[in-house]
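Me: I am new to this structure and would like to know what stands behind the words used for it. Please take me through a few residues.

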Amino acid sequence: MAETAIAAARAAPAGRRWTSVAGAWMGVGTGPGALLMGAGLAARHGWAVPVISVFLGLLLLSAIVWVQGQLGLLPPLGEGANLTQVGQRYLTPSMRRILGALIGIGMTGWFGVNVGMGASALVALGSPLGLQRWVATLLLGVPIALVALQGMQGWNRLATVTTACVLALVGLVTWRYRAGPLPVTLGSNLPDAATDVAVLVGYVGVFSLRAPDFTTGMSSRRDLTAVTLLLSLPMVIVIFAGAVLAQRAGSSDLIAVLAAPGGIAIGNILIALAVVAPTFTTFYSGAPGLRAAIGIGEKPAMVLMAVVGLGLAAVHFDELLLPWLGVLGAVLPPTIVPLAVEFYIRRRGRAPRLVPVWPWLAGAGLAAILALAHSPVAMLAGFLAIGAATAMWRSQRMPARARPS
């Protein structure tokens, strides 16, 4: 059964070390999406990535992931639980359904982005044969979904392999385009910098929420710090590799650049391989999220994710990566605020409460509206609003239904 396989994959031995999940964290930081994000950021700024924006974005995303990851640490440092278990202890039933829906939608979107990138790479490789995009999408996405339905094991090894593919591509890009100026600038204006930070945080928006899934059973903050660095530091390298490739070619369409005469044809092979593991991982938290949201089994949820994700990939959803990340960055990370506040309050011995919907809605709703209006302060406004709402909620008297059972 797929449910049994997923449960087994989530089983985490007590006191496990950072090395047991290193591949998964590096896989997120070095995913092909980071390469494309670097190219997109460079294109937005005249083929030069603002260093200050990248630094601030990586600092913020590392802090968010580190704070949320603490929930998975063994007591007394954390709850020693994965995200599903944390939700049962910290959230009202309505909030659990909303969080599950957010994660399910986010992971389905990432399925579409990953498979879309891989399909574009396959089309570029198969252009002499006239390979159609929808065929490439099915060739890549359907086998991944079928294998996932049979049970998902060996995450760390698979993620390590895909990381090696991306790093090999980074090495090829660096060597091939080593001549020329570095595609960097010191900074940009405040609105553009805010947008850049939101994009970077959005890249790990879904992963930041499910960080406890990958820290469950760890016994020290040193291990948490190690995996956080394995996420953020390689991401810097991949982002700037994407910027180098885009600058030298004068285009953010990296698939076309790699396939063009004088490009790096093998690069598209590496991209097609590198999207496999990240696509598998979308099922890891996405299917349980949909199960929590709409009550379907994890196997039907995986099928639903695959069908919708294949449709997104077929219509080039990966080309909307930066706007998609901007929305994720505005809506998802603020969700961590009430969880973090409740976590630290409980650590200090105060009475526990279940987080309701309205503090989250106050921040995420405002952030979503501003993000859709292309406001550069959407994420900041979301954090401030949800912080204020969380303070109001925590200052209220606790009704009986808000007490954890």
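**Labels and their grounds**

Reply: A place to begin is Leu56, a residue of helix H4, which spans residues 51-69. Keep in mind that the model is predicted.

Me: Why is Leu56 called partly exposed?

Reply: The relative accessible area of Leu56 is 42%. Buried means under 20% and exposed means over 50%. Leu56 has 42%, so the label is partly exposed.

Me: Which residues form a nonpolar patch on the surface with Leu56?

Reply: Leu56 forms the patch with Ile52, Phe55, Leu59 and Leu186. Together they have about 520 Å² of accessible area.

Me: What makes Cys165 buried?

Reply: Cys165 has a relative accessible area of 11%. The cut-off for buried is under 20%, so Cys165 counts as buried. Cys165 sits in helix H8, residues 155-176, and touches Leu270, Leu273 and Ala274, leaving out residues up to four places away in sequence.

Me: How do you know that Arg210 has no salt bridge?

Reply: The nearest side chain of opposite charge to Arg210 is that of Asp213, 5.5 Å away. A salt bridge needs a distance within 4 Å, so Arg210 has none, although Arg210 is buried.

Me: Where does Arg210 lie, and what is Arg210 in contact with?

Reply: Arg210 is in the loop between helix H10 (205-209) and helix H11 (221-249). Apart from neighbours within four places in sequence, its contacts are Leu83, Met107, Thr281, Tyr284 and Ser285.

Me: Why are Trp47 and His316 called partly exposed?

Reply: Trp47 has a relative accessible area of 27%, and His316 has 30%. Trp47 is in the loop between helix H3 (32-44) and strand S1 (49-50), and His316 is in the loop between helix H15 (298-314) and helix H16 (321-331).

Me: What is phi in Trp47 and in His316?

Reply: Phi is near 70° in Trp47, a positive value in a residue other than glycine. For His316, also a residue other than glycine, phi is positive too, near 65°.

Me: Which residues touch the most other members of the largest nonpolar core?

Reply: They are Met37, Trp110 and Met235, in a core of 111 residues. Beyond four places in sequence, the residues that Met37 touches include Val199, Tyr203, Met235 and Leu325.

Technical notes: Residues numbered from 1 in each chain as written. Predicted model: local features only at pLDDT ≥ 70, side-chain atom pairs only at ≥ 80, totals over all residues. Heavy atoms only, no water. Helix = DSSP H or I, 4+ residues; strand = E, 2+ residues; numbered from the N terminus. Buried < 20%, exposed > 50% of the residue type's maximum accessible area, 1.4 Å probe, protein only. Contact = heavy atoms within 4.5 Å. Lys, Arg positive; Asp, Glu negative; His and termini not counted. Core = buried A, V, L, I, M, F, W, Y, C linked by side-chain atoms within 4.5 Å. Patch = residues over 30% accessible without salt bridge, like charges linked within 9 Å, V, L, I, M, F, W, Y side chains within 5 Å. Areas by Shrake-Rupley, 256 points an atom, 1.4 Å probe, with all protein chains shown as cover.
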